[in-house]
Amino acid sequence: MTEEMPRAKGPETTPIRVLLAEDDGEMRDLVTRVLRDEGYEVLEARDGTEAIARLEEGDFDLVLSDVRMPGADGMEVLRRAMARNLHQPVILMTAFGTIEFAVQAMREGAYHYIAKPFDIDDLVEIAANAA
């Protein structure tokens, strides 16, 4: 395989670090597996509260969050991520989205908003563009 793995910007050669916040175990496992296969380092959070705690523990190059989760929701994860690092892209995923909500998310700093179910290749492309 000669394809290059995604790398963080700058002189480092470390993989891009992704925080994935998703309460659905099957979806979390699928997205984690796909992103790791693409060369990303993925840290999982099972809900919004855990995601916020992980944001406080370390730096991430990309945050990928479900919107509806127990504890803090995806909008709160977005707000915390934006407050912590203004250049950190946040991608929100939801099966319950509306146009109004997508507009609100983008106004609050979301890099992208993707509706479930989504094509996994589309998610990989959006993540690569964000990173």
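## Lysine 116 and its partners

In this predicted model, Lys 116 has a relative accessibility of 17% and therefore counts as buried, the cut-off being under 20%. The side chain of Lys 116 meets that of Asp 66 in a salt bridge, with an N to O distance of 3.3 Å. This pair links distant parts of the chain: Lys 116 lies in the loop between β5 and α5, Asp 66 belongs to strand β3 (residues 62-66), and 50 residues separate them. Asp 66 also counts as buried, because its relative accessibility is 5%.

Lys 116 forms a salt bridge with Glu 22 as well, and here the closest N and O atoms are 2.8 Å apart. Glu 22 is found in the loop between β1 (17-21) and α1 (25-37), 94 residues from Lys 116. Both residues of this pair are buried.

## Other salt bridges

Side chains of opposite charge can pair when their charged atoms come close. The whole structure holds nine salt bridges. One joins the side chains of Arg 28 and Glu 44 at 3.5 Å, N to O.

A network of salt bridges links Glu 76, Arg 79, Arg 80 and Glu 108.

## Strands β4 and β5

Strand β4 (residues 90-94) pairs with strand β5 (residues 112-115) in the parallel sense, over four bridges. Between them the chain passes through helix α4 (residues 99-107), and this β-α-β crossover is right-handed. Within the pairing, Met 93 stands opposite Ile 114 of β5.

Note on methods
Residues numbered from 1 in each chain as written. Predicted model: local features only at pLDDT ≥ 70, side-chain atom pairs only at ≥ 80, totals over all residues. Heavy atoms only, no water. Pairing = 2+ DSSP bridges. Helix = DSSP H or I, 4+ residues; strand = E, 2+ residues; numbered from the N terminus. Right-handed = clockwise from strand over helix to strand, strands pointing away. Salt bridge = Lys/Arg side-chain N within 4 Å of Asp/Glu carboxyl O. Buried < 20%, exposed > 50% of the residue type's maximum accessible area, 1.4 Å probe, protein only.
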